[in-house]
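Here are my comments on the model you sent, as numbered points. The sequence and structure come first.

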Amino acid sequence: MRTVHFVYPRDLSKHSSPFCIGNEVGERLQRDYRVRFYGWRDKLKIEPEPGGQALRVQVTARRWSWWFEHPGGKGAGDLHLVAGRPAELVMVSTDVIHSLYLPDFRLKQDVVPGRFTKLHFKPILPGSFTLTCAEFCGTDHSRMTAKAVVHPDQASFDAWAREGVQPAASLADVGRALYAAKGCIACHSLDGTPRVGPTFKNLWGKEEKLADGATARVDEEYLRESILKPGAKVVAGFANVMPPVPLDEREMQGLAAWLQTLRDSP
Ligand code: HEC
Ligand SMILES: [Cu+2]
């Protein structure tokens with residue numbers, strides 16, 4: 001069963017609630033497709049499939065941020081789409097139930113741990129729209145917001161998607177790039193300030209105090225375990241909320257190389 005959404009962001013101000021087909025026609029339609037209409041423009045157009053050329057974005061929800069992986073490998077804290085091009089969001093949560101909510105589009109879909117949920121729709125107008133979490137998910141729930149940037153055309157999207165993605169970088173560059181690209185940035189600072197997780201500044205080589213009273217030295221093995229099995233050794237004073245991040249060997253090495261550059265005295 002697919003859910004198909006038709007979105008007409010224009011003139012929403014005139015329509016305070018979603019246009020809803022709660023009648024027999026709607027029910028018959030919904031036997032085959034879950035069809036929802038959001039907003040209204042000049043006409044109501046029904047396309048059971050939004051098209052084969054959907055822009056597919058992998059969405060990760062976690063306490064308390066969003067992460068969007070776009071085609072071509074560009075990851076970002078904001079969702080990027082193209083006006084007039086169907087979008088397919090494939091969503092997972094690494095912790096609790098979240099709900100991706102695009103109020104301007106009247107679109108909402110739960111994001112549930114342990115399974116993929118999807119959202120299909122076609123943004124019509126370029127612009128920057130609010131994206132937020134509509135499911136209360138703990139302390140910083142209200143800060144779990146991002147933007148949905150709808151590019152006017154594919155060329156504009158492609159130009160954005162190429163930015164910052166550089167081939168053949170040094171190992172430390174690989175680490176620096178994945179800090180942003182894999183979303184570590186949301187929870188780990190570089191300036192010594194603790195966020196949701198400990199800062200990366202002066203982390204390498206440190207004797208870390210763990211929640212169970214033991215200590216551990218921050219080296220390659222510790223790093224690997226912290227990333228693949230974050231719950232195995234939890235740092236004292238922090239919650240066990242880090243999502244496991246599958247990194248390949250080069251990324252793991254890159255991270256180690258880069259973390260070493262973040263020490264005051266090498
Ligand atoms: C949702 C927030 C979050 C994200 C995203 C996140 N972490 Fe963490 N991380 C934490 C928290 C909280 C801890 C401390 C608790 C623990 O040890 O699991 C932690 C601990 C760590 C530690 C051990 C730090 C120490 O002081 O010993 C490392 C290394 C680490 N994270 C690396 C990463 C990397 C690399 C990424 C990105 C690929 C990442 N984290 C993404 C929250 C996060
Ligand atoms: Cu949430």
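1. The buried residues of helix H3 pack against helix H5. In H3, the residues counted as buried are Val174, Gly175, Arg176 and Leu178. Please keep in mind throughout that this is a predicted model.

2. The geometry of this packing is as follows. Helix H3 covers residues 171-181 and helix H5 covers residues 249-260; their axes are 6 Å apart and meet at an angle of about 95°. Angles of 65 to 115 degrees count as roughly perpendicular, and H3 and H5 are therefore roughly perpendicular to each other. On the H3 side the contact is made by Leu171, Ala172, Val174, Gly175, Arg176 and Leu178. On the H5 side the contact is made by Arg250, Glu251, Gln253, Gly254, Leu255, Ala257, Trp258 and Leu259. By class, the residues of the contact are eight nonpolar, three polar and three charged.

3. What follows H3? The helix is followed by Gly183, with a positive phi near 85°. The loop between H3 and strand E13 (207-209) also holds Ile185. Ile185 counts as partly exposed because it has 17 C-beta neighbours inside 10 Å, where a residue needs 20 or more to be buried. Leaving aside neighbours within four places in sequence, Ile185 is in contact with Tyr179 and Ala180. Between the C-alpha atoms of Ile185 and Gly197, twelve residues apart in sequence, the distance is 9.9 Å.

4. Asn202 lies in the loop between H3 and E13. Asn202 is not a glycine, yet its phi is positive, about 55°. Asn202 counts as partly exposed because 14 C-beta neighbours lie inside 10 Å.

5. Which residues come nearest to ligand 1? They are Cys184, Cys187, Gly197, Pro198 and Met242, out of 27 residues around the ligand. Helix H4 (residues 220-228) contributes three residues, the largest share of the shell. The shell around ligand 1 divides into 19 nonpolar, five polar and three charged residues.

6. The largest nonpolar core has 30 residues, and Val59, Trp66 and Leu79 touch the most other members. Strand E12 (residues 145-151) gives the most to this core, with four residues. Another core, of nine residues, lies apart from it and includes Phe200, Leu203, Val218 and Leu255. Leu255 is also one of the H5 residues in the contact with H3. As for Val59, its contacts beyond four places in sequence are Trp66, Phe68, Leu89, Val90, Met91, Leu100 and Val111.

7. Two backbone features deserve a check by eye. Most residues other than glycine have a negative phi, and most peptide bonds are trans. The peptide bond from Arg63 to Trp64 is cis, with omega near -5°. Trp64 lies in the loop between strand E3 (55-62) and strand E4. Arg106 is a residue other than glycine with a positive phi, near 55°. Arg106 sits in the loop between strand E8 (98-102) and strand E9 (107-111). Is Arg106 buried or exposed? Arg106 counts as buried because it has 21 C-beta neighbours inside 10 Å.

8. His70 is in the loop between strand E4 (65-69) and strand E5 (75-76). With 18 other C-beta atoms within 10 Å, His70 is partly exposed. Its contacts, leaving aside neighbours within four places in sequence, are Val57, Ala76, His80 and Ala161. His70 and Leu81 are eleven residues apart along the chain, and their C-alpha atoms are separated by 9.0 Å.

9. Overall figures, for the record. The protein has five helices and 14 strands. Of its 266 residues, 26% are buried. Among contacts between residues at least 6 apart in sequence, 66% join residues at least 24 apart.

Conventions
Residues are numbered from 1 along each chain as its sequence is written. Chains are lettered from A and ligands numbered from 1 in the order in which they are written. This is a predicted model: local features need pLDDT of at least 70, side-chain atom pairs count only at pLDDT 80 or more; totals for chains, interfaces and linings use all residues. Axes are lines fitted to C-alpha atoms, for helices over the stretch in contact, and angles run from 0 to 180 degrees between N-to-C directions. Helices (H or I, at least four residues) and strands (E, at least two) are DSSP runs, numbered from the N terminus. Angles under 35 degrees count as roughly parallel, over 145 as roughly antiparallel, 65 to 115 as roughly perpendicular and the rest as oblique. Two residues are in contact if their C-beta atoms, placed from the backbone, lie within 7 Å. Ala, Val, Leu, Ile, Met, Phe, Trp, Tyr, Cys and Pro count as nonpolar, Asp, Glu, Lys and Arg as charged, and the others, Gly among them, as polar. A residue is buried if 20 or more other C-beta atoms lie within 10 Å of its own, exposed if 12 or fewer, and partly exposed in between; C-beta atoms are placed from the backbone. A residue is near a molecule or strand if its C-beta atom, placed from the backbone, lies within 6 Å of it. A nonpolar core is a set of buried Ala, Val, Leu, Ile, Met, Phe, Trp, Tyr and Cys residues joined through C-beta atoms within 7 Å.
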